[in-house]
Amino acid sequence: MDFALSESQLMIQQVARDFAQNELAPLAADLDRESRFPHEIIEKMAELDLFALPFSEEYGGTGDGYLPYAIAVEEISRACASTGLTYAAHCSIGTGPVYLFGTEEQKHRWVVPCARGEMLAAFGLTEPDAGSDAAGTKTTAVIKNGEWVLNGSKCFITNASYAGLAVITAVTEPGQGTKGISSFIVPRTSAGFSVSSPYDKLGLRASDTAEIIMDDLRLEQDSLLGKRGEGFKQFMQVLDGGRISIGAMAVGIAQASLDAALTYAKERRQFGQPISKFQAIQFKLANMSTTIELARLNVYRAAWLKDQGLPFTKESAMAKLYASETAVKAALEAIQILGGYGYMKDYPVERYLRDAKLTEIGEGTSEIQRLVIARQLGC
Ligand code: CAA
């Protein structure tokens, strides 16, 4: 067993960290306040090849794999979780379905520009009546005059306003439950495709979340992804990978909370000494540091299993569950350590709490992660 990152993984971590701390962190509070999507940051991330990390060279990637990608998501999210979510949703659940299930032609057409960061991608599973019960999909796809015609809507879609493509699930065989759901590659230029105004969210305010509406949306027959009736299973597999990156995002937010709390505790003086000298504060910081390290190990292990081609459904659910709950607790503790200042917008920790909360909800709530883990245990 070797817990050390390789030289190239350490290099990717350093590149992502330097960029995130020097160029992204100074903007993060303003991006959040203004709810501004940072197009210029996305361009720079593309120049650094960050979008290419999880994809093979054949399809425009660097071939580094999922672990280095998860490390980069963590570093980006440590500086700005909104950007971390944009990045994670684009790579793992937006581009991931085409990379995993597309034909050669589909992969060359869509994965290559996505891996180069020339185009953003979105994942369309959730609907107003199909959240945790992802099989409750109401969107339909039928063949008319040699074309697929899609009708329905998808809600809470990350990157919806800016994505060049969305991968969407729709019912093609009504009455057949999960086996009647197929997935489609939907270019945003398709007639009948529209996007609502962005949602007004509690946190992750510089990430884009909107509704996708499909009104007699027409697609060529080769827009079907994989086989008919396999969309649900494909999306479950995609979410297994996505959950690792939400776990990585949560580790980044938790680490940022610890960074802020530790810095503050060393500077803030009460009763004649820095508050870091009080055991009450030391124990909080020690607990935060311990749980963050455990969360990170869980995330790295799940990513490593995926890179090895080994089963990782249970481990990715565990990684997301533990990391997201760690992030919320770490942000709350950071606020407590900063006291009144922690409650103010002048310090970043209130943003960390608002951002962390989503990691317990998106890509499957904590309750769904527990359900997935229990089923993997054979319950
Ligand atoms: N890998 C491969 N196959 C899988 C699988 C996996 N991880 N999980 C399930 N399947 C297969 C099952 O084996 C089963 O196949 P068979 O019919 O051949 O046996 C089939 O899929 C149906 O599975 P279930 O019977 O378990 O399906 P279910 O209806 O009971 O649902 C669930 C299972 C785990 C609750 C699922 O609905 C789920 O994950 N829900 C949460 C959805 C979710 O995470 N949504 C997040 C949306 S994305 C998002 O949030 C984006 C964002 O930008 C923030």
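Which residues of helix α5 (residues 104-115) are buried? The legends below take up this point and others, for a model that is predicted.

Figure 1. The buried residues of α5 are Q106, K107, W110, V111, V112, P113, C114 and A115. Just after the helix, G117 has a positive phi of about 75°.

**Figure 2. Packing of helix α3 (residues 66-79) against helix α6.** Two packed helices are described by the angle between their axes and the distance between the axes. For α3 and α6 the angle is about 40° and the axes are 7 Å apart. The two helices are therefore oblique to each other. The crossing of α3 past α6 is right-handed. On the α3 side the contact is made by Y66, Y69, A70, V73, E74, S77 and R78. On the α6 side the contributing residues are G241, G242, I244, S245, A248, M249, V251, G252, I253, Q255, A256 and D259.

**Figure 3. Aromatic cluster around Y66 and Y69.** Ring pairs join F51, Y66, Y69 and Y87 into a cluster. The ring of Y66 also has the charged end of K306 over it, 4.8 Å from the ring centre. Y66 and Y69 of this cluster are also among the α3 residues in contact with α6.

**Figure 4. Tyrosine pairs at Y341.** The structure contains 13 aromatic pairs. One of them is formed by Y264 and Y341, with ring centres 6.3 Å apart and 50° between the planes, a tilted arrangement. Y264 belongs to helix α6 (residues 231-267) and Y341 to the loop between α8 (313-338) and α9 (349-359), so the pair ties together parts that are 77 residues apart in sequence. Y341 also pairs with Y347: the ring centres are 5.7 Å apart and the planes are at 55°, so this pair is tilted. Y264 is buried, at 9% relative accessibility. Y341 is partly exposed at 41%, and Y347 is partly exposed at 30%.

**Figure 5. Packing of helices α8 and α9.** The axes of α8 and α9 come within 9 Å and cross at roughly 160°. The helices are therefore roughly antiparallel to each other. The crossing of α8 past α9 is left-handed. From α8, the contact uses K320, S324, A327, V328, A331, L332, A334, I335 and L338. From α9, the contact uses V349, E350, Y352, L353, A356, K357 and T359.

**Figure 6. Approach of L202 and D355.** L202 sits in the loop between β6 (193-195) and β7 (209-220). Its relative accessibility is 58%, so L202 counts as exposed. L202 and D355 are separated by 153 residues in sequence, while their C-alpha atoms are 7.8 Å apart in space.

Note on methods. Residues are numbered from 1 along each chain as its sequence is written. This is a predicted model: local features need pLDDT of at least 70, side-chain atom pairs count only at pLDDT 80 or more; totals for chains, interfaces and linings use all residues. Side-chain values use heavy atoms; hydrogens and water are left out. Rings of Phe, Tyr and Trp (its six-membered ring) pair if their centres lie within 6.5 Å; planes under 30 degrees apart count as stacked, over 60 as edge-to-face and the rest as tilted. Helices (H or I, at least four residues) and strands (E, at least two) are DSSP runs, numbered from the N terminus. Buried means under 20% relative accessible area, exposed over 50%, partly exposed in between (1.4 Å probe, protein chains only). A charge sits over a ring if NZ of Lys or CZ of Arg is within 6 Å of the ring centre and within 35 degrees of the ring normal. Axes are lines fitted to C-alpha atoms, for helices over the stretch in contact, and angles run from 0 to 180 degrees between N-to-C directions. Angles under 35 degrees count as roughly parallel, over 145 as roughly antiparallel, 65 to 115 as roughly perpendicular and the rest as oblique. A crossing is left-handed if the near helix is turned anticlockwise from the far one by less than a right angle, and right-handed if clockwise. Contact means heavy atoms within 4.5 Å.
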